[in-house]
Amino acid sequence: MMKLPSAFMTLEIRRATIKDIKEILPVWGQLADFHSELDPAFTPSPHWPREYGAYLRTLISRDDAIAVVARDDLDVVGYAVGRITTLPSFFEHRHRGYIHDVFVKSEYRRRGIGRQLVEEILRWLGQHGVTLVELTVAANNDAIPFWQGLGFRVYMHQMKRELES
């Protein structure tokens, strides 16, 4: 657990619990809205609150995943999710970290909160023997410099094609 001083409040960054899910859901909703504006492929289903809540509940209870939250005194203002994936045995780096979600409410950005959330996940992955961490970021997302500042670099391009139904 880490406390971050602010001019107006103290933020706490810690591992998420089942009790945090109710407060994480609206933050994920903001992330989903942001992503669907970048590309309609990211549009969540109408049932996303129930489904994402169940997904988080499962992740929080697993040994190969972590969710972390940034809280001010009243509210969850950001969160991040990471997990360990295992590739087939013909890969040298079989156990890889994967960062799924990182989001900080717009009014709390540019205070180092996103960096602290990611560093908490990276610390946890390192403690679990992970030496390679991956993530995907939309090609038109303004967060690319954020990830580059944390040492991530492009090594693969993910592509898509929509098929006629």
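Two strands are taken as paired if DSSP finds at least two bridges between them, and helices (H or I, at least four residues) and strands (E, at least two) are DSSP runs numbered from the N terminus. The model is predicted, so to speak of local features a pLDDT of at least 70 is needed, side-chain atom pairs count only at pLDDT 80 or more, and totals for chains, interfaces and linings use all residues. Residues are numbered from 1 along each chain as its sequence is written, and side-chain values use heavy atoms, with hydrogens and water left out.

Strand S4 (residues 76–86) runs antiparallel to S3 and is joined to it by 7 bridges, and a hairpin of 4 residues links the two. Strand S2 (residues 10–15) is also antiparallel to S3, with 4 bridges between them; here Arg14 has Val69 as its bridge partner.

Strand S3 (residues 65–71) is mostly covered, with 7 of its 7 residues buried (under 20% relative accessible area, 1.4 Å probe, protein chains only). Ala65, Ala67, Val69 and Arg71 are buried on one side, and Ile66, Val68 and Ala70 on the other.

Turning to the helices, H1 (residues 21–38) and H2 (residues 48–61) pack at about 125 degrees, their axes 10 Å apart. This angle makes H1 oblique to H2. The contact residues comprise 9 nonpolar, 2 polar and 1 charged.

Key
Buried < 20%, exposed > 50% of the residue type's maximum accessible area, 1.4 Å probe, protein only. Axes fitted to C-alpha atoms, helices over the stretch in contact; angles between N-to-C directions. Parallel < 35°, antiparallel > 145°, perpendicular 65-115°, else oblique. Nonpolar A, V, L, I, M, F, W, Y, C, P; charged D, E, K, R; others polar.
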